Amino acid sequence: MTIAGDASATVLDGFTVANGKANGNSANDKDRGGGVFAPGNAVFQTCIFDGNRADIGGAVYVRDAAPQFFDCTFTGNDANDGSGGGKGAGMYLASNPAFGIVLHRCNFNNNKSLDDGGAFYIETSTAGVTFVNCLFYKNEADKEDASAQGGALYDNNASVNLINCTFAR
């Protein structure tokens with residue numbers, strides 16, 4: 001699913017996005033967002049992202065936007081580029097220039113990347129990312145690669161706020 005343009009009035013409520021695969025060319029970002037490629041500001045409510053796969057952003061890939069997530073579940077997603085890389089199995093935030101992204105009561109369970117950010121990877125964000133009452137459970141950044149970091153969350157220079165979140169194995 002691709003969300004384009006000004007999607008600020010778009011609300012996706014109760015959707016399940018399962019077994020999606022982004023397998024295109026990296027030159028035009030077609031290898032990103034196995035479930036959702038989100039360059040728009042949509043609102044996701046009670047959505048499930050299950051078993052999606054991409055090189056970057058297994059379930060969701062966000063660029064230049066601030067979608068909001070409420071009561072969503074990200075489970076069993078995979079970021080794997082086939083050559084030992086792959087970042088942000090649950091979600092990959094590429095850039096977020098003017099808006100903050102907020103995730104409320106979201107669960108990230110059993111997501112795996114072959115590089116950094118098993119559940120969530122933040123490349124850069126000037127406005128910050130806030131997680132409120134979120135659960136990160138059994139997410140992995142490749143445990144066989146000593147250089148992989150952030151089994152649950154990898155932050156590459158952003159302001160991250162964690163409010164009443166739980167991290168468990």
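Q: What does serine 113 touch, not counting residues up to four places away in sequence?
A: Serine 113 touches Ala79, Gly86, Lys87, Gly88, Ala89, Gly118, Glu140, Ala141 and Asp142. Contact here means heavy atoms within 4.5 Å.

Q: What kind of model is this?
A: This is a predicted model, in which local features need pLDDT of at least 70 and side-chain atom pairs count only at pLDDT 80 or more, while totals for chains, interfaces and linings use all residues. Residues are numbered from 1 along each chain as its sequence is written, and side-chain values use heavy atoms, with hydrogens and water left out.

Q: Back to serine 113. Where is it?
A: Serine 113 is in strand β14, residues 112-113. Strands (E, at least two residues) and helices (H or I, at least four) are DSSP runs, numbered from the N terminus.

Q: Is serine 113 buried or exposed?
A: Serine 113 counts as buried, because its relative accessibility is 0%. Buried means under 20% relative accessible area, exposed means over 50%, and partly exposed is in between, with a 1.4 Å probe and protein chains only.

Q: What does the side chain of serine 113 reach?
A: The side chain reaches the backbone oxygen of aspartate 116, at 3.2 Å.

Q: Which strands are in the open sheet with β14?
A: The order is β6-β10-β14-β18, four strands with parallel pairing. β6 and β18 (140-141) are at the edges with a single partner strand each, so one side of each has no neighbour in the sheet. Two strands pair if DSSP finds at least two bridges between them.

Q: How many bridges join β6 to β10?
A: Two bridges join β6 to β10 (residues 78-79), and the strands run parallel. Arginine 53 has aspartate 78 in β10 as its bridge partner.

Q: What does glycine 57 touch, not counting residues up to four places away in sequence?
A: Glycine 57 touches Arg32, Gly33, Gly34, Lys87, Gly88, Ala89 and Tyr92. Take Gly88: glycine 57 and glycine 88 are 31 residues apart in sequence, but their C-alpha atoms are 4.8 Å apart in space.

Q: Which strands does β7 pair with?
A: β3 and β7 pair in the parallel sense over three bridges, with phenylalanine 37 opposite tyrosine 61 in β7. β7 and β11 also pair in the parallel sense, over four bridges, and serine 95 in β11 is the bridge partner of arginine 63.

Q: New topic: how many residues are in the largest nonpolar core?
A: The largest nonpolar core has 31 residues, and Phe49, Phe69, Phe74 and Leu103 have the most contacts inside it. β3 (36-38), β7, β11 (91-95), β12, β15 (120-122) and β16 (125-132) each supply at least two residues of this core. Another core lies apart from it, with seven residues, among them Phe37, Ile56, Tyr121 and Tyr154. A nonpolar core is a set of buried Ala, Val, Leu, Ile, Met, Phe, Trp, Tyr and Cys residues joined through side-chain atoms within 4.5 Å.

Q: What stands opposite phenylalanine 69?
A: Phenylalanine 69 stands opposite leucine 103 in β12. Strand β8 (residues 68-70) and β12 run parallel, joined by two bridges. Both faces of β12 (residues 101-104) are covered, with Ile101 and Leu103 buried on one side and Val102 and His104 buried on the other.

Q: How many aromatic pairs does the whole structure have?
A: A search of the whole structure finds 15 aromatic pairs. In one of them, the rings of phenylalanine 120 and phenylalanine 131 have centres 5.0 Å apart and planes at 85°, so the pair is edge-to-face. Rings of Phe, Tyr and Trp (its six-membered ring) pair if their centres lie within 6.5 Å; planes under 30 degrees apart count as stacked, over 60 as edge-to-face and the rest as tilted.

Q: And overall, how many helices and strands?
A: The protein has zero helices and 21 strands. Buried residues make up 52% of its 169 residues.

Terms used: A polar contact is a pair of N or O atoms within 3.5 Å; within protein, one must be able to donate a hydrogen and the other to accept it, and residues adjacent in sequence count only if both atoms are side-chain atoms.
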